[in-house]
Amino acid sequence: MDTDRGEPVLQVRDLRKSFGALEVLQGIDLELRPGDVLALIGPSGSGKSTLIRCMNMLEAPSRGEVLFHGRPVCTSFKGRGQRVGTGELRRRVGMVFQHFHLFPHRTVLQNVTQGPIVVLGEAPAQAEARARALLERVGLLDKCNAYPNHLSGGQKQRVAIARALAMNPEVLLLDEITSALDPELVGEVLAVIRDLASQGMTMILVTHEMGFAADVASRVVFMEAGRVVESGPPEDVLVKPRTERLQAFLARHLR
């Protein structure tokens, strides 16, 4: 791992998550440093989406801890100053979901400006100027007055990315953002992520796009049954897998 990239921005230590008797995460240790692009891969049900939802505290861990800049994240005000509240974490760690979650009754521009105005307290003119710049960046400035139901799936996902970026996050979590798209629309969304990676955005990407992970990720983590099985640079994990489980997984996805 590159030790010149500073201290970890986001970490999990012995992270565990159970839903009733089902233990979905079984002691995950992971860290993300500035500029890292970490690709989470693995079969369905391996705990990838649950892991990043815990990292953004959309799911509360059953055990273990999440740290932001070395400070534990908590859900109460106890120990304020030494700890990070969930509100602060979510303002600084953005998330883009598989199914967009856009407000259907608001225009594209309103979807992107809502968070900065309501949560960050930005002046509407400032929020709108930034939103227009972000929509231009993702190739959708001409759609700023359209409503989500008039957009393709790829366009909706690009709006969702612009909305997350409007909060000026330090980290972006992307949860299988191409899996709900028609194959011909995947490329336009991945192009935006590739551009963000080239600009140094710190990201965790849950994906089934192995070629994209090889191209963009600085590190790949293979999960199965709630555990990390292999982790390392893409040229090791994706080209020279050590375990039979990862070899079988890649054989299916690269076939």
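Buried, in what follows, means under 20% relative accessible area, exposed means over 50%, and partly exposed covers what falls in between (1.4 Å probe, protein chains only). You're looking at a predicted model, so local features need pLDDT of at least 70 and side-chain atom pairs count only at pLDDT 80 or more, while totals for chains, interfaces and linings use all residues. Residues are numbered from 1 along each chain as its sequence is written, and side-chain values use heavy atoms, with hydrogens and water left out.

**Overall build**

- The protein has 9 helices and 11 strands; helices (H or I, at least four residues) and strands (E, at least two) are DSSP runs, numbered from the N terminus.
- The radius of gyration is 18 Å, which agrees with the value near 18 Å for a compact globule of 255 residues. That figure is taken over C-alpha atoms, and the globule rule is 2.2 Å times the number of residues to the power 0.38.
- Along the principal axes, the C-alpha atoms fill a box of roughly 50 × 50 × 40 Å.
- Of the 255 residues, 49% count as buried.
- Contacts here are heavy atoms within 4.5 Å. Take the contacts with a separation of 6 or more: 67% of them come from residues 24 or more positions apart.

**Cysteines**

- Searching the whole structure for disulfides turns up 0 of them, where a disulfide is a pair of cysteine sulfur atoms within 2.5 Å.
- For background, a disulfide is a covalent bond between the sulfur atoms of two cysteines.
- C54 is buried, with a relative accessible area of 0%.
- C54 also turns up among the contacts of K17.

**Helix α3 and what covers it**

- Helix α3 runs over residues 108–118, and its buried residues are V108, L109, N111, V112, T113, G115 and P116.
- The cover over those buried residues includes α4 (124–137) and α5 (153–165).
- A131 sits in helix α4 and is buried, at a relative accessible area of 1%.
- Skipping neighbours within four places in sequence, A131 is in contact with L109, V112 and T113.
- A131 and P116 are 15 residues apart along the chain, and their C-alpha atoms are separated by 9.3 Å.

- K17 belongs to strand β1 (residues 10–19). This lysine is buried, with a relative accessible area of 10%.
- The K17 side chain reaches the backbone oxygen of A60 at 2.8 Å. That is a polar contact: a pair of N or O atoms within 3.5 Å, where within protein one must be able to donate a hydrogen and the other to accept it, and residues adjacent in sequence count only if both atoms are side-chain atoms.
- Beyond its neighbours within four places in sequence, K17 has contacts including L22, T50, E59 and P61.
- Q155 is part of helix α5 and is buried too, with a relative accessible area of 16%.
- The side chain of Q155 reaches the backbone nitrogen of S152 at 2.9 Å.
- Setting aside neighbours within four places in sequence, Q155 touches L140, K143, H150 and E188.

**The aromatic pair**

- The whole structure has 1 aromatic pair. It's F222 with F249, a tilted pair at 5.3 Å centre to centre and 45° between the planes.
- The pair links distant parts of the chain, with F222 in strand β10 (residues 219–224) and F249 in helix α9 (residues 244–254), 27 residues apart.
- Rings of Phe, Tyr and Trp (its six-membered ring) pair if their centres lie within 6.5 Å; planes under 30 degrees apart count as stacked, over 60 as edge-to-face and the rest as tilted.
- Both F222 and F249 are buried.

**Positive phi**

- As a rule, most residues other than glycine have a negative phi.
- F100 has a phi near 70°, a positive value in a residue other than glycine. It lies in the loop between β7 (93–96) and α3, and F100 is buried, with a relative accessible area of 14%.
- A225 has a positive phi as well, near 50°. Its place is the loop between β10 and β11 (227–232), and A225 is partly exposed, with a relative accessible area of 48%.
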